[in-house]
Amino acid sequence: MKSYLKLIRWQTLLFLILTQFLVKYGIIAGLVPDRIGFIETPDPAFMLMVIATAFLAAAGFAINDYFDVKKDLMTHPDRVTVDVKVPRNKVILTHTIFNILGVSAGIAASWMAGKPIYSLIFILLSIFLFIFSARLKKRVSGSAIMIAVFPFAAIELVWLFESRIFPELIGEQHLTISRFVAFYGFFAFLTTIILEYLKQLDELKYDMNGTNSFIRNLGANKGQILIYLLMFLSAGLLISAAPVILFPYYRITITVLVVVLILIGVAMFRFTKAIETKDYRLIVIILKAAMLVGVLSMLTVSIR
């Protein structure tokens, strides 16, 4: 069981589920007129949507490890699950089961929401995750961008499903919620890209002939500059966009996001030191902590 949980990256799945719940019960619940009624009203469509997203992500992680097993044996042989702890045929079976469950839950959520057309989103996500792992990841140098699309989509999906409940939310109210969700979605998108590029930068330490990644093609020096610029961009997003969206009503949220900004600043400072040692583990930990604090800041939206 432990090996299967590792295969589907259960910690990442829990973080994804937490993020979607906080988008609904933090951001949206904090901004809609009838907050108490919104929280107390059962929403099976939302629950199924969260389950569908988690299942599809689990399927994507399993099939990604299946196709990455040779590379993982060269970089982190102690962490390899496929073939070592879980046979290949069972990895495929796990991927298939989670895919079927994910698409089925997504279709059910779409019908319950009264938007059957949304079913296409889950079907396309399922197809995309498989094709990406099997084909595109080996051919597309900008694969990190494609990986980062998933957390962005997971956040935007919540508002897509919830906005149907509030047809009366037009004009400024609808725009405010959309801005909040887009802000957090784009921050998740940026930090995911940075973490993926850090992983690719770390892999340059290993002799991996025949592998293709954006940072490997770009070169170590240019890759380091790009990662630093992306961290600077994420800090710039917090400095520029957050006050525009949050000030002056959401000062507690701004205060929490200042902590995120400080963590990114520490990561930028430590990154210059990590370049010398080629050890980026601390940078990854700091950035993941920044992501967690950023997600938890959604809880403060309802506090004014």
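Is Phe-21 buried, partly exposed or exposed? Select Phe-21 to begin: with a relative accessible area of 25%, Phe-21 is partly exposed, where buried means under 20% relative accessible area, exposed means over 50%, and partly exposed lies in between, computed with a 1.4 Å probe on protein chains only.

Before going on, keep in mind that this is a predicted model, in which local features need pLDDT of at least 70 and side-chain atom pairs count only at pLDDT 80 or more, while totals for chains, interfaces and linings use all residues. Residues are numbered from 1 along each chain as its sequence is written, and side-chain values use heavy atoms, with hydrogens and water left out.

Phe-21 and Tyr-25 both lie in helix H2 (residues 10–31), 4 residues apart, about one turn of the helix; helices here are DSSP runs of H or I with at least four residues, numbered from the N terminus.

Move to helix H9 (residues 172–202), where Phe-186 and Phe-189 lie 3 residues apart, about one turn of the helix. Phe-186 is partly exposed, with a relative accessible area of 35%, whereas Phe-189, at 17% relative accessibility, counts as buried.

Finally, select helix H12 (residues 251–277) together with helix H13 (residues 281–296), whose axes come within 9 Å and cross at roughly 170°; the axes are lines fitted to C-alpha atoms over the stretch in contact, and angles run from 0 to 180 degrees between N-to-C directions. H12 and H13 are therefore roughly antiparallel to each other, a term for angles over 145 degrees. To see where they meet, show residues including Val-256, Leu-263 and Phe-271 in H12, and Leu-282, Ile-286 and Val-293 in H13, contact being heavy atoms within 4.5 Å.

Notes
Helix = DSSP H or I, 4+ residues; strand = E, 2+ residues; numbered from the N terminus. Parallel < 35°, antiparallel > 145°, perpendicular 65-115°, else oblique.
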